[in-house]
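Trainee: I've got a model open and would like to learn how to read its contacts and charged pairs. Can you walk me through it?

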Amino acid sequence: MVGKWLRRPLTAAGALVLAAGFFWWAFWAPAGTVFQLYDRDRGRVVLSVPVKAGDKLSLEIEHSFEHIPWYEYYTVTEDFQFNLDAIAVAGYGAGIPAEMDVPTRIEGGLVWMEGINSVFPKFSWITSDQYMKVFTLNEKEIFDFRSLPDASRIRGEIIKKRGYLSDV
């Protein structure tokens, strides 16, 4: 008789524990980190990809006045920020940092400035459908900025995801 009397409360308690566990997993459990590009004008995420500390990001643009290639190379830091490691530019001209106190070399027609070690918590861009090209993650193209309307206001940042069924 005591067994029957305890069966219902134990079943109910078990169901509550399972439901609580599911909600924790779905909406609160640490679910990793993602790099997101967010269109601030349209209020929508245009890219979301998993990232981890040590991942390499690069941005390819064309200098808007000089019309020469410009590359920026970043590493995701342990605290999920962006460390600017190097830039490579096909010359010196308007807006190109010519006197940075970092190792500089010329290779493959590009001026390489390395060991910059400038940290950014996030990116904020106004894009150009002509001059901003592609973004890569670990040497794989993940986004083409030319797919956006010209002058899109884009924020790039690393988001710590919570929950396997939530948006963030």
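Mentor: Contact means heavy atoms within 4.5 Å. Leaving aside neighbours within four places in sequence, I142 is in contact with F35, L47, V49, F135, T136 and L137. A caveat: this is a predicted model, where local features need pLDDT of at least 70 and side-chain atom pairs count only at pLDDT 80 or more, while totals for chains, interfaces and linings use all residues. Residues are numbered from 1 along each chain as its sequence is written, and side-chain values use heavy atoms, with hydrogens and water left out.

Trainee: Okay, and how do I read a salt bridge?

Mentor: Side chains of opposite charge can pair when their charged atoms come close. The rule here asks for a side-chain nitrogen of Lys or Arg within 4 Å of a carboxyl oxygen of Asp or Glu. That gives 8 salt bridges.

Trainee: Which residue forms a salt bridge with E62?

Mentor: K133, with the closest N and O atoms 3.3 Å apart. The pair links distant parts of the chain, 71 residues apart: E62 sits in strand 3 (residues 56–62) and K133 in strand 9 (residues 132–137). Strands are DSSP runs (E, at least two residues), numbered from the N terminus.

Trainee: Is K133 buried or exposed?

Mentor: Buried means under 20% relative accessible area, exposed over 50%, partly exposed in between (1.4 Å probe, protein chains only). K133 has 14%, so it is buried, whereas E62 counts as partly exposed at 22%.

Conventions: Helix = DSSP H or I, 4+ residues; strand = E, 2+ residues; numbered from the N terminus.
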